[in-house]
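Look at the sequence and the structure below. The paragraphs that follow go through them part by part.

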Amino acid sequence: MSAISADGLMAVERQVAPRSVRRWYRQPALAFGVVLLGLIVIAAVLGPLLSPYNPITQNLGQTLLGPSAHHLVGTDQLGRDTFTRLLYGLRNDLRIAFLAVVSPFCIGVVLGSISGYFGGWVDAVIMRLVDIVVAFPFYVLVIALVFVLGPGQRSIYIAITLVGWVSYARIIRSEILVAKRQDYVLAAQSGGLSAVRIMARHLLPNVVSQAIIYGMSDIVQDILAIVALGYFGLGIPPPTPDLGSMINDGQNFMTTHWQLTTFPGLVVVLVGLSLSLIGDGLADIIRPGQA
Amino acid sequence: MTIGGAGALSGAGTGGTVLEVRDLRVRIAARHGTVRAVDGVSLEVARGEAVGLVGESGSGKSMTLRAIIGVLPPEAKVTSGQVLLDGVDLVPLSNSDLNRIRGPKISMIFQEPMSALNPVMRVGYQIAEGPRVHLGYSKAQAAERALELMRRVGIPDPERRFRAYPHEFSGGMRQRVMIAIALSCEPEIILCDEPTTALDVTIQDQILRLLASLCRESGVSLIFVTHDLPVVAQLCQRVAVMYGGELVERGHVHDVLLDPRHPYTLGLVRSAPDVEYVRESLVPIPGSPPSLVSPPSGCRFHPRCAFVEQDCRVQPTPLRELPGGRYTACLHYERCEEALADRIRP
Amino acid sequence: MTEPLLSVSDMAVSFTVGSRLAASIKHEQRLLRAVDGVDLDLAKGEALALVGESGSGKSTFALALAGLRPADRGQIKFDGRVLPSRRSSADQQRIQMVFQDPYSSLNPRLTVGGMLRELIRVHHIVPQGQADSYCKELLRLVGLDGEAMRAYPRQFSGGQRQRVAIARALVLKPDVLVADEPVSALDVSVQATILNLLADLRAELGLTLLLISHNLAVVRHLCDRVAVMYLGRIVEVAPTEQLFADPRHPYTKGLLAAIPRLTADPVREADEGPAVVGDPPSALRIPVGCRFRTRCPIAQQRCEFDDPLLTAAPGSPAHRAACHFAFEGAIDAPPAGQRAAVPGKGD
């Protein structure tokens with residue numbers, strides 16, 4: 001493991017690469033998830049380039065056409081190309097879902113750290129807040145909030161933030177409760193480092209991985225929430241394409257043009273699948289890789 | 001590998017070899033290669049004798065015990081060698097056959113009693129379980145036996161403590177419970193995997209004396225694994241020293257520990273602070289333990305040995321017998337005698 | 001007599017345990033008195049050992065001394081000046097600690113260099129430009145290569161990690177180093193390297209050392225004075241050789257007798273009972289009177305209500321014991337032949 005250099009001092013073993021990075025592509029589930037998500041993201045990003053059609057313009061002379069060379073998945077009831085709408089809908093939903101995870105993540109991580117590190121009445125207050133939010137089912141609360149705030153992107157962000165932060169807070173809090181007992185935290189305190197510095201620089205990097213992994217599944221949950229909101233008509237207002245409203249609209253044509261409702265659903269499933277695989281794969285890697 | 005070792009009995013006990021291990025090898029399949037965890041270990045234990053097995057972490061001592069009783073982790077396998085308990089080889093036996101032997105003939109105690117005891121089962125029932133399963137005792141008979149065992153191992157107020165749970169006991173008491181369980185079916189030999197390492201000194205003293213009295217009075221044999229040399233001196237008659245998966249020295253305790261014939265044993269003795277002798281300075285063993293995947297050629301200790309010579313790097317080093325019933329793997333063991341001068345006696 | 005560098009008076013640290021309801025049902029005291037009135041002095045440049053088994057309170061005492069745990073009671077004087085309960089940064093730096101577990105005492109996410117540089121930066125130990133050379137010098141002092149700066153803790157063995165931990169403790173140029181069982185988690189052959197390192201550092205830097213240990217052999221090798229703790233109190237304190245040659249408190253005698261020895265003879269010792277019988281009482285229910293009386297071979301009626309104070313031996317003020325019968329016989333200095341030659345003591 002170590003070599004003794006000529007004057008008796010110990011030399012340090014040089015590692016080839018950190019274990020976690022070196023092996024991710026060897027895990028089939030994780031690799032598959034990453035590839036799938038990569039394809040999805042590329043499709044979403046390149047959306048406008050992949051299709052000449054406009055997703056919003058109605059073309060009432062071309063309604064409800066089946067799949068063809070011109071329209072890969074046919075058209076919907078207002079003559080819009082379904083494939084184009086899939087791409088744009090994916091784009092919108094992904095963007096909103098990713099962004100919608102950021103605020104709850106930040107708020108939850110900060111509050112969870114404070115709660116876990118300081119304990120006492122601060123902890124008690126924050127945890128009671130958590131209890132209140134957790135008492136309601138996620139979707140119910142989100143839908144109710146959007147209903148109150150009025151449909152639209154801004155409301156979706158606000159609603160998801162207000163409801164979603166609690167999971168991150170709990171995860172980080174319990175990780176910190178354990179981690180702060182480690183001797184290296186005592187050593188940092190002994191070194192006269194401030195609490196903020198210890199939380200930010202010493203504790204968080206060691207515990208945030210759990211929150212990130214949860215974030216993966218949270219993105220899935222948010223996409224579904226947006227889909228659900230769209231289904232109830234509380235999502236992104238038409239005519240902006242949105243997978244949820246597409247599923248809802250396409251329901252009426254299930255028997256004749258099933259592709260209008262199932263393809264958006266399939267896209268949602270694939271996104272969810274890729275994110276889940278990545279989340280699980282990360283969890284496997286990060287746990288054994290941590291010293 | 002032993003030359004002239006098989007069949008030679010030594011020391012205490014009322015005669016007869018209870019356990020004989022012959023050239024045992026254990027391999028573990030790991031991602032970075034095959035780990036040669038135990039690489040040719042041979043020893044014998046006579047009836048009523050306590051034999052120590054010492055080494056540092058990674059020496060293979062715990063793996064040896066587990067291989068003997070057959071509780072190796074799934075990645076580990078005994079690739080060759082024999083374990084003869086009363087003449088019967090345990091290695092090829094199936095798990096169900098082994099289960100009939102574990103308890104009545106051979107049992108094991110561990111370092112951490114909290115994880116070795118069932119936390120949700122009352123202590124008395126755990127002690128009584130063995131006799132019920134293996135000896136066919138009725139519930140009442142087994143309970144009586146459990147109480148008797150609890151008294152024997154020094155648990156005060158056994159009637160009340162019978163119904164207690166493990167977490168209600170102190171560390172030393174839990175260790176006594178584990179010893180009671182190990183004794184419950186009157187085995188011939190008990191394997192001890194560092195049972196006192198996690199205990200306070202005064203409690204360790206109590207447990208060691210308990211084990212010694214058990215050997216004397218019931219004639220049960222012990223193999224006692226530890227990294228702590230004086231503990232071996234306190235309890236055992238003979239000792240075997242392991243390094244890098246191999247045995248490097250074997251013999252009577254006072255010979256091996258006070259007058260070692262292998263540089264590693266010598267290094268262990270000289271690097272450990274001793275409450276009886278105060279040396280000018282401790283002499284650490286330079287370097288670090290060998291890789292068990294690709295161990296050094298020749299003698300495994302040679303990269304760290306102060307007396308290394310050319311043949312040590314290439315020649316194999318099996319255990320060889322020396323006069324007085326001791327064995328060493330060192331090709332130049334006389335160097336050890338010369339090096340013992342710096343100890344200051346009080 | 002010169003003023004001791006550190007002087008602790010009547011320190012007490014306790015924890016509340018469990019729920020109020022359960023405690024009132026079981027009529028059990030909820031207070032776990034880990035440290036229950038400890039007076040201790042540490043002279044400049046001295047190596048003092050604090051010895052005890054689990055539950056003695058030695059680690060808690062060490063944490064309170066290093067300012068990492070608040071004490072309920074008691075005063076700590078540093079260089080004659082009383083330390084406030086909230087220490088200033090400067091005071092905090094003067095007492096640094098090395099912990100027992102090398103695997104949890106280093107932040108796995110920081111390189112060695114990162115750890116050291118952070119402390120240097122926050123406390124302005126040396127000007128920014130000199131930080132790197134200062135770190136390298138520190139690492140050399142603890143026997144590590146400059147290459148170690150870029151490495152993460154997981155790349156080191158247990159012994160090397162302890163060296164890093166010692167370097168980290170020394171970065172802030174402390175006056176006192178508190179080492180809490182620094183070698184207990186290491187292999188025997190590695191323990192020697194760390195013990196030698198501590199001895200060398202003492203000599204080279206003039207460090208004052210408080211060594212917490214349960215291993216009396218380690219202590220004898222390294223320290224000038226030994227204090228023995230039992231259930232939150234110091235029961236005996238004496239210069240090292242005197243403690244080993246002539247222990248006065250029954251617990252110390254039992255502790256010394258219980259230590260396994262290489263020269264033990266199982267046959268000869270077969271009929272002796274254990275050095276100390278029974279289990280230590282819970283710190284939640286410390287016995288009234290002398291706390292050791294439940295396991296003491298010479299306990300008398302007096303011990304049930306009269307809690308002995310730490311009193312000095314007549315004619316030998318450096319040797320103190322908390323037992324009514326400690327000094328019935330005269331105190332003898334260890335005979336000349338028994339004095340071990342340990343370098344650096346200079347007495």
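What share of the contacts in chain A with a separation of 6 or more comes from residues 24 or more positions apart? The share is 67%, where two residues are in contact if their C-beta atoms, placed from the backbone, lie within 7 Å. This is a predicted model, in which local features need pLDDT of at least 70 and side-chain atom pairs count only at pLDDT 80 or more, while totals for chains, interfaces and linings use all residues. Residues are numbered from 1 along each chain as its sequence is written, and chains are lettered from A and ligands numbered from 1 in the order in which they are written.

Chain A has ten helices and zero strands. Helices (H or I, at least four residues) and strands (E, at least two) are DSSP runs, numbered from the N terminus. Of the 291 residues in chain A, 42% are buried. A residue is buried if 20 or more other C-beta atoms lie within 10 Å of its own, exposed if 12 or fewer, and partly exposed in between, with C-beta atoms placed from the backbone.

Two helices of chain A can be followed in detail. Two packed helices are described by the angle between their axes and the distance between the axes. For helix α7 (residues 183–190) of chain A and helix α8 (residues 195–231) of chain A, the angle is about 145 degrees and the axes are 11 Å apart. Axes here are lines fitted to C-alpha atoms, for helices over the stretch in contact, and angles run from 0 to 180 degrees between N-to-C directions. From α7(A), the residues Y184(A), V185(A), A188(A) and Q189(A) meet I198(A), H202(A) and L203(A) of α8(A). The residues of this contact between α7(A) and α8(A) are five nonpolar, two polar and no charged. In this count Ala, Val, Leu, Ile, Met, Phe, Trp, Tyr, Cys and Pro are nonpolar, Asp, Glu, Lys and Arg are charged, and the others, Gly among them, are polar.

The next contact is between chains. Chain C gives 36 residues to it and chain B gives 40 residues. On the side of chain C that touches chain B, α7 (188–205), α8 (216–222) and α10 (250–258) of chain C each supply at least two residues. The largest share of that side, seven residues, belongs to α7(C). The side of chain C that touches chain B is made up of 21 nonpolar, ten polar and five charged residues.

Within chain C, R117(C) lies in helix α4 (residues 112–123) of chain C. Why is R117(C) counted as partly exposed? It is because R117(C) has 19 C-beta neighbours inside 10 Å. Not counting residues up to four places away in sequence, R117(C) touches A131(C) and C135(C).

The largest nonpolar core has 169 residues, and V178(C) and L210(C) are among those with the most contacts inside it. A nonpolar core is a set of buried Ala, Val, Leu, Ile, Met, Phe, Trp, Tyr and Cys residues joined through C-beta atoms within 7 Å. Leaving aside neighbours within four places in sequence, V178(C) has contacts that include A62(C), I95(C) and L210(C). A second, separate core of 99 residues includes A37(B) and F301(B).

Chain C also has paired strands. Strands pair if DSSP finds at least two bridges between them. Strand β10 (residues 233–239) of chain C is joined to strand β12 (residues 316–321) of chain C by two bridges, and the two run antiparallel. Here V237(C) stands opposite R320(C). Strand β11 (residues 311–313) of chain C pairs with β12(C) over three bridges, also antiparallel. These two strands, β11(C) and β12(C), form a hairpin with two residues between them, and G315(C) in the turn has a positive phi of about 85 degrees.
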